[in-house]
Amino acid sequence: MSKIKVAELFYSIQGEGRYMGVPSVFLRTFGCNFKCAGFGMPRGKLSREVEDIASRVHYYNKYEELPLVSTGCDSYASWDPRFKDLSPMLESDAIVDRIMQILPNGQWQDEHLVITGGEPLLGWQRAYQDLLDHPSMQSLKEITFETNGTQELSEDFKNYLVEWQAKLKDREVTFSVSAKLPVSGESWEEAIRPDIVCRYQDVGHTYLKFVVANGEDVNDALQAVQEYRSAGFTGSVYLMPVGGVENVYNMNNRTVATLAMKHGLRYSDRLQVPLFKNEWGT
Ligand code: SF4
C-alpha cells in the first residue's frame with residue numbers, strides 16, 4: 001500500500017481561488033522544490049524568520065504549536081527538512097480513516113478535497129491513485145491540486161485522473177497554479193513554466209493565481225500571463241494579496257483588489273487570514 005508523508009490533514013473552508021467558501025478537506029503533503037523566502041521582503045532580500053523557529057524545533061510537537069511567520073513561505077514546516085519529524089508517513093488507509101473522521105457526516109457530500117503542500121505533485125502521484133481508489137472515497141466529486149506549476153504529471157497519473165473524472169457525473173479535477181513571481185525570491189526561469197501548466201489543461205480545469213503586493217508585482221504577473229497565453233493557456237487569472245498574517249494581508253488586500261479590477265483579472269481573497277488568522281490547521 002502506498003504511503004504519503006503528511007504535513008497536515010484538516011477540515012476547513014477553502015479560502016482562496018475558484019472554490020472560495022467551499023467546505024474542504026485539506027491534505028497537505030510534505031516537500032517542495034522552492035523556498036519562497038522573498039515573500040513580504042524588500043525586493044532582492046530573503047527572509048530569515050524561520051531560522052529562529054528552526055533553532056527551537058525540538059520545542060514543537062505538532063503543527064498547531066508552530067509560530068506563524070509574516071515573511072517567506074507561510075507553510076514552511078511542510079517542506080523544510082528541519083521540521084520533517086512533525087510529518088508522519090501514512091498509508092492511504094490511515095489517511096482515508098482520518099478523512100472520514102473529520103468530515104461532518106462521516107462521508108463525502110458536498111465537500112471538496114484540496115491536495116496542497118509544499119508542492120503536492122512533487123512525489124506522491126502514484127500514491128494519490130491508491131488514496132482515491134479507496135471504497136470510502138468513491139462519492140468524492142471535486143479535487144483541487146494546489147501546485148506551483150513546475151511539476152509534470154506522469155502519463156500514468158494523467159490517464160488516471162481523466163478516467164477518475166469519467167467514472168462519475170459532475171466529477172472534476174482542478175489545478176490551482178500559484179506560479180511564483182520574483183516577489184517570492186524564486187527565479188523566473190524555474191518558476192514560470194507555461195509548457196508544464198498548459199499540459200494540466202488536458203486533464204482538468206486549470207487557473208493561475210499570482211501572489212502580489214504592489215504594481216511592480218502585478219507587472220510581473222502580466223508579463224507571466226503573456227508567456228502562459230502564448231503557450232496556449234486559456235484559463236482564468238487571479239491576483240491574491242501577499243499576507244499570511246493579518247496586518248500584512250490588511251495592508252495589501254484592497255490595493256490588490258483595485259489592481260485586479262484595473263487589469264480585468266479576478267481577485268482571490270485568502271479568507272483563512274481574516275476568518276482564522278491563518279493558523280496551522282485552517
Ligand atoms: S511553492 Fe508554495 S509551499 Fe513551496 S515554498 Fe513556495 S509558497 Fe511555500
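Colleague: Contact means heavy atoms within 4.5 Å; with that in mind, which residues does A221 touch, not counting residues up to four places away in sequence?

Modeller: This is a predicted model, in which local features need pLDDT of at least 70 and side-chain atom pairs count only at pLDDT 80 or more, while totals for chains, interfaces and linings use all residues. Residues are numbered from 1 along each chain as its sequence is written, and side-chain values use heavy atoms, with hydrogens and water left out. A221 is found in helix α7, residues 215-230 (helices are DSSP runs of H or I with at least four residues, strands are runs of E with at least two, and both are numbered from the N terminus). With sequence neighbours up to four places away set aside, A221 touches L181, F210 and L239.

Colleague: Is A221 buried or exposed?

Modeller: The scale used here calls a residue buried under 20% relative accessible area, exposed over 50% and partly exposed in between, with a 1.4 Å probe and protein chains only. The relative accessibility of A221 is 1%, so A221 counts as buried.

Colleague: Which side of helix α4 is buried, and which exposed residues sit on the face turned away from it?

Modeller: Helix α4 takes in residues 155-166 and reaches 17 Å from its first C-alpha to its last, close to the 16 Å expected at 1.5 Å a residue, where the expected span is 1.5 Å times one less than the number of residues. Its buried residues are F157, K158, Y160, L161, W164 and Q165. They cover an arc of only 165° around the axis, so they lie on the same side of α4, the arc being that of the directions from the helix axis to the C-beta atoms. The face turned away from this buried side carries the exposed residues E155 and A166.

Colleague: What is the distance between the closest N and O atoms of E51 and R82?

Modeller: E51 lies in helix α1 (residues 49-55) and R82 in the loop between α1 and β3 (89-91), so this pair links parts 31 residues apart in sequence. E51 is partly exposed, with a relative accessible area of 28%, and R82 is partly exposed at 38%. The two form a salt bridge in which the closest N and O atoms are separated by 2.8 Å.

Colleague: How many salt bridges does a search of the whole structure find?

Modeller: Side chains of opposite charge can pair when their charged atoms come close. Here R56 and D52 meet in a salt bridge at 3.0 Å, N to O, while R43, E216, D217 and D220 are linked in a network. For the whole structure, the number of salt bridges found is 16.

Key:
Contact = heavy atoms within 4.5 Å. Salt bridge = Lys/Arg side-chain N within 4 Å of Asp/Glu carboxyl O.
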